[in-house]
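Here is a short note for your review. Please read it beside the coordinates.

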Amino acid sequence: MKNPIIEVHNLTVSYNKRPVLWDVDYELPPGQLIGVLGPNGSGKTTMLKTIMGLIRPDSGFVEVMGKKLDEVRDKVSYVPQRESVDWDFPANVMDVVLMGRYNPKHMFRRLSKEDRELAVAALEKVNMLPFAERQISQLSGGQQQRVFIARALARQADLYLMDEPFAGVDAASEESILELLTGMKAEGKSIMVVHHDLQTARNFFDWIILLNTSLVASGPVNEVFTEQNLQAAYGGKLTVLSQIADLVASKAFPLREKGLQDREKL
Amino acid sequence: MNSLLEFLSLADPNVRFVVLGSVLLGMSSAVVGCFTFLRKRALLGDAIAHSILPGICLAFMVSGSKNPWILLAGAAVSGWLSVAAIDIITRKSKLKPDTAVGLVLSVFFGVGILLLTHIQHQGNASQAGLDKFLFGKAASMTSEDVLVFGGVGMLLLLVVIAFYKEFKLISFNPEFAKVIGLPVAFLEFLLATVTVLAVAVGIQAVGVVLMAALIISPAAAARFWTEKLAVMIVIAAIFGALSGVFGSFISFSAPSMPTGPWIVVALTVFVMISLLFAPQKGFVARWLRDGNNHEKILTENILKALYQIGEKARDFAGSRELAEIRERREFGPGELKRGLRILARRKLVVEAATGWRLTSLGLTESRRVVRLHRLWEMYLKEKIRLKEDHVHAGAEAIEHIITPEIERLLEEKLGFPERDPHNSEIPR
């Protein structure tokens with residue numbers, strides 16, 4: 001593939017010693033709405049976190065826009081799972097969206113007028129501007145989700161990774177989020193979305209990554225949604241692989257022999 | 001009264017030192033405590049406080065002096081080691097954070113007591129006063145102490161102001177901070193260091209044993225009053241500072257009284273006041289709200305009963321005896337009379353010779369309640385598809401909270417129905 005937006009190369013990642021992603025390898029085209037699907041515990045969130053540098057892989061590597069993440073961090077934005085924070089935190093909607101404008105280069109500096117304008121624009125895009133002064137503890141699930149998306153938008157990135165933006169969201173919020181994502185795609189942004197609903201996925205996305213610890217399929221939506229692929233991802237477990245994973249976890253066994261990892265990168 | 005004036009005039013330089021010192025220590029601990037509180041690590045302050053004792057003892061044993069700089073350095077080192085130990089145990093073992101905190105706290109404190117006992121048995125003349133670290137020594141702070149500890153307290157406040165934005169983000173959502181490239185490890189190290197230093201200086205005032213209160217209480221109390229982080233920090237700082245003033249005043253007017261424990265008593269009073277009287281979140285506000293709700297339900301139920309009696313008798317103007325109302329609907333002992341009195345005060349009912357009757361104002365109001373009840377019953381039947389014999393109970397509660405806007409919406413959605421599921425008329 002030419003100029004992939006993300007390249008995941010032979011990625012193996014463990015959580016509590018148990019491998020949850022195993023030799024996952026794919027490249028993604030830019031400017032698409034990409035859905036990451038798979039059953040519970042299939043490693044979707046882990047994969048997103050590994051791409052964002054939040055989890056260190058046991059082996060393999062990730063390249064974003066052909067570079068290491070650190071070199072293109074300003075062009076990448078991330079929407080974590082809504083449940084990953086305590087919404088009882090003393091802050092209002094604007095405070096949270098402005099966090100998207102924080103910048104490691106301006107740690108002491110106060111936020112500028114431009115930062116505020118970008119935050120307002122982001123809130124407008126998710127139809128949350130009337131709630132700017134609302135306490136975040138008083139928001140509904142769908143509104144919280146839209147605040148997180150607005151925070152990511154405020155970063156003005158080219159690539160967006162979103163973890164379950166449609167989870168626990170009412171129909172109206174789902175509609176407005178989807179509309180937003182489609183609009184972003186039209187502006188040439190690339191969006192990668194962890195999703196849990198097979199029914200809607202077919203209509204939402206251009207490209208699908210089907211995951212079940214190992215990569216089942218990655219490709220245009222019509223090619224990936226075959227009976228055979230879905231059976232491999234959702235029908236029963238990959239018994240040998242999960243048995244091996246249990247074994248690795250119980251013996252705290254290293255997943256690669258020492259020294260091999262570096263050679264592999266070459 | 002005289003002693004209060006004398007205290008407030010700050011004429012006595014000793015008083016000046018003690019007050020200034022206590023205020024600065026109280027403020028810096030409170031401000032730093034807001035972040036430990038919000039990161040749900042309230043007990044970290046307690047662990048650090050206890051873990052600082054061995055550091056102070058070792059610093060004294062090595063240097064043989066009670067120079068505040070040296071003791072502070074010892075305190076900071078062992079306090080910092082305890083934070084690192086808790087962090088490593090939590091990350092690398094299966095033990096949960098609370099166990100790690102408990103373990104580190106008791107081990108470090110045990111060693112500290114051991115060293116302290118050893119020092120005291122040596123008969124070294126200059127050791128006198130080292131045991132004051134257990135319960136604080138605010139009242140006997142020297143000018144040098146105040147300079148050092150107050151200075152460090154000021155420094156901590158400046159660090160928090162400088163890194164306010166970043167500390168806020170790593171307290172709310174550290175993963176996002178990492179993703180946008182903030183040096184989270186450094187910021188966490190900085191916050192831990194600030195906490196250790198706040199505890200190390202705070203101990204001067206209240207001692208190891210009570211230090212947790214200086215970290216946790218102001219933040220916990222302040223959280224009741226606001227939903228804004230900056231405001232919460234300011235309120236916590238004010239609580240911390242006032243407690244410092246209060247504690248030093250007590251020990252000024254009654255020299256046998258210890259300052260530290262009185263600072264903590266003052267903090268506790270702030271927590272109690274917040275718990276009880278804070279708007280919306282306080283017990284009293286909640287109690288009043290419950291009372292209001294209860295009163296609304298009671299009076300509206302009486303109005304409804306009066307309406308239903310009138311509806312049956314085709315006469316809304318007649319007066320009804322208590323027994324007649326009770327026949328229509330059960331009320332708790334005394335409740336009916338209490339409710340009627342409230343309604344009478346609001347001119348919705350009047351007491352007549354043979355009982356109570358609705359005023360014209362009361363009739364309108366009772367019609368509204370019955371209308372809402374029957375509209376909601378219709379909604380449950382038509383839109384939620386409940387069976388007719390199930391809709392009443394649901395409507396009993398909801399009728400009291402439906403706003404005029406929702407009422408209009410209901411009527412539109414239901415096509416302005418005339419009769420409820422039990423075929424009673426929906427009054428207009």
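1. B:Asn423 sits in the segment after helix H18 (404–414) of chain B. Helices here are DSSP runs of H or I with at least four residues, and strands are E runs of at least two, numbered from the N terminus. Phi of B:Asn423 is near 70°, positive although the residue is not glycine. The residue is exposed, at 55% relative accessible area. Buried means under 20%, exposed over 50%, and partly exposed in between (1.4 Å probe, protein chains only).

2. This is a predicted model: local features need pLDDT of at least 70, side-chain atom pairs count only at pLDDT 80 or more, and totals for chains, interfaces and linings use all residues. Residues are numbered from 1 along each chain as its sequence is written, chains are lettered from A and ligands numbered from 1 in the order written, and side-chain values use heavy atoms, leaving out hydrogens and water.

3. A:Gln156 also has a positive phi, near 55°. Its place is the loop between helix H5 (141–153) and strand E6 (159–163) of chain A. A:Gln156 is partly exposed, at 48%.

4. Helix H1 (residues 44–51) of chain A is mostly covered, with six of its eight residues buried. Among them are A:Met47, A:Leu48 and A:Ile51. Just after H1(A), A:Gly53 takes a positive phi of about 80°.

5. For chain B, the domain assignment (automatic or from a database) gives domain 1 (22–209) and domain 2 (286–414). Their C-alpha centres lie 61 Å apart.
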